[in-house]
Amino acid sequence: MLIVVDPQSGVPIYRQLMDQIRFHIASGLLRPGDELPSTRSLSAELGVNPMTISKAYSFLERDAVIERRPGRPLIVAELAAGEMREEKMDQLRETLAPSVTVIRQLGVPREEALAVFGEMLRDEENDTEEER
Amino acid sequence: MRDLIRRDPARGSLGRWLVIAGVAAAALLNVVGLVLARQPDRIAAVELLNGFATYLVLSLAVAWVLFVDATGERYRRFDITLPLPSRRLWLSHTIVLSIAVVGVTATVGGIAAVLGWALSSKLPEILDGFAGQALLLAARFASAGVLGAVLVQSVAPATSRISGRRAAFGFAAAVAAVSAVAAALRLLPAALVVIPIFIAVLVGRATWSAVSPAISFQGSSKERRYAPVGEGISDGAGRTGIARAWFSFWTMYRALNKMPLAPIVMIPMLLAFGVLLSGVKRAAAGGTPFRFSMVFLVSYMLMASCAVPPMRLFLFDAFPISRRKLFAVSVLPILVLLFIGYGGGRIAGDAKLAERELVEYVHIEDSYHIRVPIEYCSIDWDGEPPESASPWGESHAPWSTSLGGITDAVIYSPFSAPEGSSPEFIALQISRAVAAVYGERVEPESILDHHLEVGEDGRLVPRGGAFSLRGELAGVRPRPLGPVFPVLMLTIAAPWLFLVRLYYRSLRAGISLRTKRIVYWCSMGLLFAVHIAFYLKGIASEPGFWEGSAFVEIVIREWAANMPGGAVGVWVICGLAAFGLYRFAEAEFARIESNPGEEKAMELLMRPV
Amino acid sequence: MKKLLEFDGVHRAYDRGVDVLHGVTFSLNAKEIVGLLGVNGAGKTTLIRIAMGMLEAQSGSVRVFGMDPRECPVDVKRRVGYVSEDQILPPFLRVRDIIDIHRGLFPTWDEEMARDLASTFSLSPEAKISKLSKGQARRVALVCAAAHRPELLLLDEPAGGLDPAARREFLETSIRLLNEAGTTILFSSHYMQDVERVAERVVMLHDGEVLIDRSLDDLREGHCVALVPAGDGVTKQRLLGIEGCLGVRERTDALHAVFALSPERSAAAIATELDVSNVNCRQVALEEMFIELVGGQS
């Protein structure tokens, strides 16, 4: 699974795991029903304490993002279309939150900030189209 | 330059060299002292100094210094990285090496010279000129040694360490040169003793100018022939039983001792001491027993063998190997070698003993004496030995010798027959002697009839010129002299194990290196000083002091005779005592705290300054 | 839960009253991975050596599997694996010889694991230990320590002087041992990233005492670093006086303080006590917290 752990980032490792798994689910890399690697194998692969993996998994389970089946590996939960959308929005909000803080600290007015944001999105769409 | 000399790696070996000098001096004195003790065959000690034995001892001492240096690091890595000309490094190490050689020979010669000078007034006919000759001997070896040092330094002069074939070659050449030159100097007038030094300077100068500007740092020779990765890891899983036990033992031994020096030095030395202690020389050729006078020297050597292993215990810190096992590995091989040497000497000695006539009727200084080995004599503790009596009332004062003023006790021979004894008395005494020594009864009448006759001057002389009881005593072995072995070994072990325990106690983390050094060197110094003191007293006092060793052996014999259980009882007591001492030292060994950082410092431990 | 390793009031001094360890008390439960932190000379190596029975605790007690490692050294060492930065292996042995020695000494030796580790680490069995590089020798030590599936693994700066790839191998092997054999691990390290990855609990020694003994998550989430701009009334003493403050470090224009509180509560506490509001409180990675804590002890 494509997970990168950065021990220096200031964010606890279990949180990093949770965030990255959620992102993969939201972006479609992990689909509902896909199996997740076992605690042991993921800990061996990442070089991380298995308890940390366990913790991340249990939080994700608590949030109903992943499901536990008796005697079988954990799988990504089935999310209704509405729940999936909500998940994506949550991800988006989390990503934008630091930017909002920066915008306020820089003292940029809202309209300008929105204009910049719209411009960047348009540029990104154009680039993607050109590549095709 | 002085700074370089101070930092020179050879200085780390200074302690070892002092040990060698000490042993060489002691060995030299042993040789001299033993010969001096052989009365009445007194020869001038000076002749001994030119004999083969002394040359061998000193050659070995110098060879040792050169060997240690040839196989060690000559220039420190730290100094190589400094902007110093390589010639200077070469010169400083050559100087230090020369100083070491001169130091060892000077120590040996000096000790001998000082003793000789101090005692020459008491024993003029023996020690006349001894001091001067001792110094001359030392000078010859010192000068030859300097040449040897320069020769060793001329092999690959710009390499920080020589190894393998080159080291062996350089060392062999140097030692051969030293021995040959020293022997050659014997034949030359004394003033020419400095010739080798001139040669050394010439050779040194040539090497010095030829030293390449860069010193190559040589760690150790590299060998890169490895098996494929991963394979072979499981080889050796099949080691079982004896092979495994030997592998374990050998690994522990190798880890704890400086290889290959330890076995090369230890094995011959311990065997030699064992043989000496067995009294084989005395058994073969007569002379005074001296075994107990060597006790402190052997303790000193045992103490020297114990210095290294405790400092290497850190190698086993992570292994579940008990300290008891490690203690056994560091101590028992030494004792085993000593015992083997002793056993071998005893076997050879006993064989020789069976051939000799122990009861003799010999002509010494104008008259005939009945002579038996002194160990079969008796002791009178008050200094007033009883007269030897006969059934018909004739009695005479026995031959006796005091012990040089330490105690009132005297050793006396109950079998002596002084001037004026009747023939019957002489025969009676001989008969008694035979009974005591061989346990066989030979009638005095038989002796008188077959072996003795009245000579021209009316004295009793052996019939046929030489007195021999071989006819009656064919195949009879002399009675054993009592359990000397256990007592001897106990007296060697006791000071050693006490002091070694003190040394172990000092090996804790937190005790400064200086303290550790003091403990070790004071113990060594104490043993050595006691040994030398013993010899001093021996040379200085009346003849009779040398009988001290015999005195102890007689005491042991009488003790065993009086003890319940006899000789076995003595063995048991000594065995228990030795075992107790062993455990006593082992307990302290188990608590040693060994630090890998001090492995380097271990070199420093061996420096007394 | 069973306590595998217990230190209770351990004292150890070297020269004349200079205490290295001054009453250290903490313990390890089964299957924990604990990181032991501290500046050089804080006593980490001494503590681990005491646990191995190499040094004697001058007062206090240490129990490994309930036993005193000085009294029963062989029984303890049979179940412990030990790798240290300053460990010296017998230099005259070959790699396969030293593995053979361990094979014979440890009853729980696992040949499969030994082979597997040896091949992962690319060890050459014929190589003489004296000719190995530092990293290779350390790997040999790790194979020897791990292949007998120890119940307790004591690592004293095992990654000191090693390249990052070698360091990662150490971590992965430790994790593997935990997963496969349920090994408890105590390791001291200066590489905070490694500690962050692998430790679940952190014990920090300072001045011979235990300064911090917390789970790593709690340390990260329940602690923060506050940057308080210098100004009137802002002194080290006053900050230290605030409850929850663990240490204060004076810098050029500000004071850095470590709090055992969340960022919000720290900011609130400082605002209340010192009447300053432009305080920057944030959660930080272990390395920064270590620096602030250690620098902030008077």
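**Note on local features in chains A and C**

1. E157(C) sits in the loop that runs between β6 (152–156) and α6 (164–181) of chain C, where helices (H or I, at least four residues) and strands (E, at least two) are DSSP runs numbered from the N terminus. The model is predicted, with local features needing pLDDT of at least 70 and side-chain atom pairs counting only at pLDDT 80 or more, while totals for chains, interfaces and linings use all residues. Residues are numbered from 1 along each chain as its sequence is written, chains are lettered from A and ligands numbered from 1 in the order in which they are written, and side-chain values use heavy atoms, with hydrogens and water left out.

2. Most residues other than glycine have a negative phi. E157(C), however, has a positive phi near 50 degrees, and with a relative accessible area of 11% E157(C) is buried (buried means under 20%, exposed over 50% and partly exposed in between, with a 1.4 Å probe and protein chains only).

3. A64(A), also not a glycine, has a positive phi of about 60 degrees; A64(A) lies in the loop between α3 (50–62) and β1 (66–69) of chain A, and its relative accessibility of 45% makes A64(A) partly exposed.

4. S84(C) belongs to strand β5 (residues 80–84) of chain C and is buried, at 1% relative accessibility. Leaving aside residues up to four places away in sequence, S84(C) touches R138(C) and D156(C), contact meaning heavy atoms within 4.5 Å.

5. In chain C, V95(C), I98(C), I99(C) and H102(C) of α3(C) meet V140(C), V143(C) and C144(C) of α5(C).
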